[in-house]
Amino acid sequence: NAPALTFVMRSNLTLQAVFVDVENPVVTVTNSLPGGPLQNLSATLGGLATDNHQVVSVIFRVNSGAWTNAAGLGPWSASFALVAGTNTFSIYSVDAAGNHSATNTLGTFVALLQPEIGSIIPGGGGGFGIQFSSVAGAVYSLEYKDSLTAPAWLPLGGSVAGNGAVISLSDTNPPAGERFYRLKVETP
């Protein structure tokens, strides 16, 4: 792709030219990152890898795990397990000459499993403690309905920051009849 090279050469001489590929490939991610509450801790990302000649591999890692080959090149895809909480996805490509693209690190993203109530423990005065496993940095709140046919869930008290341990929220004044609870989680 450079300007033409012109020269004059004597007869019976040989010119040997070695062309070296010095252009780095490029790798991009084309679908959005997972985040927020998930049904399971797995994700798939995909994108494109391009080069002026030939891409031979797309390599990724999640968090500080091992570097792994993605499936395909252009397009490529990578399926992987997440950890509950903060995750970092990094990827680069390599061309046939051994040139590497810049390593694209897709900032940190938070993956949370849908929160599950572990137990409901009767408290003094007729109240209840709702216990569940938390993810550090997530914010949890409890909502309720006194009837499943009620139009909306209502907030119950404040919220609590997750710390990676089992924590609880309380309903200190439930009605004498039924009450239905929903645990809500928000990413930081």
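Reader: Which residue's side chain does R179 meet in a salt bridge?

Author: Happy to start there: the side chains of the two partners come to 2.9 Å, N to O. A salt bridge here is a side-chain nitrogen of Lys or Arg within 4 Å of a carboxyl oxygen of Asp or Glu. Side chains of opposite charge can pair when their charged atoms come close. The residue that R179 meets is D171.

Reader: How should I read the numbering and the atoms, and what is the mean pLDDT of the protein chain?

Author: This is a predicted model, in which local features need pLDDT of at least 70 and side-chain atom pairs count only at pLDDT 80 or more, while totals for chains, interfaces and linings use all residues. Residues are numbered from 1 along each chain as its sequence is written, and side-chain values use heavy atoms, with hydrogens and water left out. pLDDT is the predictor's confidence in each residue, from 0 to 100. In the protein chain, 86% of residues reach 70 or more, and the mean is 81.

Reader: Are R179 and D171 buried or exposed?

Author: The scale is relative accessible area: buried means under 20%, exposed over 50% and partly exposed in between, with a 1.4 Å probe and protein chains only. D171 also belongs to the covered face of β14, together with I167 and L169, while V166, S168 and S170 form the uncovered one. Both R179 and D171 are buried.

Reader: Which residue in β14 is the bridge partner of G129?

Author: On the other pairing of this sheet, P122 stands opposite F128 in β11. For G129, the partner in β14 is S170.

Reader: Which residues are linked with E143 in a network of salt bridges?

Author: The structure holds four salt bridges. E143 meets R182 at 2.5 Å, N to O, in a pair that joins β12 (residues 139–145) to β15 (residues 180–186) across 39 residues. E143 also pairs with K184, with the closest N and O atoms 3.9 Å apart; K184 is in β15 too, 41 residues from E143. The network links E143 with R182 and K184.

Reader: Why does E143 count as buried?

Author: Its two partners count as partly exposed because R182 has 36% relative accessibility and K184 has 33%. E143 counts as buried because its relative accessibility is 9%.

Reader: With which residues is S141 in contact, leaving aside its neighbours within four places in sequence?

Author: S141 sits in strand β12 and is buried, with a relative accessible area of 15%. Contact means heavy atoms within 4.5 Å. The residues are G158, S159, L169, R182, L183 and K184.

Reader: Which residues touch the most other members in the largest nonpolar core?

Author: A nonpolar core is a set of buried Ala, Val, Leu, Ile, Met, Phe, Trp, Tyr and Cys residues joined through side-chain atoms within 4.5 Å. Two or more residues each come from β3 (42–50), β4 (55–62), β7 (76–81) and β8 (85–95), and β4 gives the most, with four. Another core of 13 residues lies apart from it, with I130, V135, Y140 and Y181 among them. Of the 15 residues in the largest core, those touching the most other members are V58, F60, W76, A78, F80, F89 and I91.

Technical notes
Pairing = 2+ DSSP bridges.
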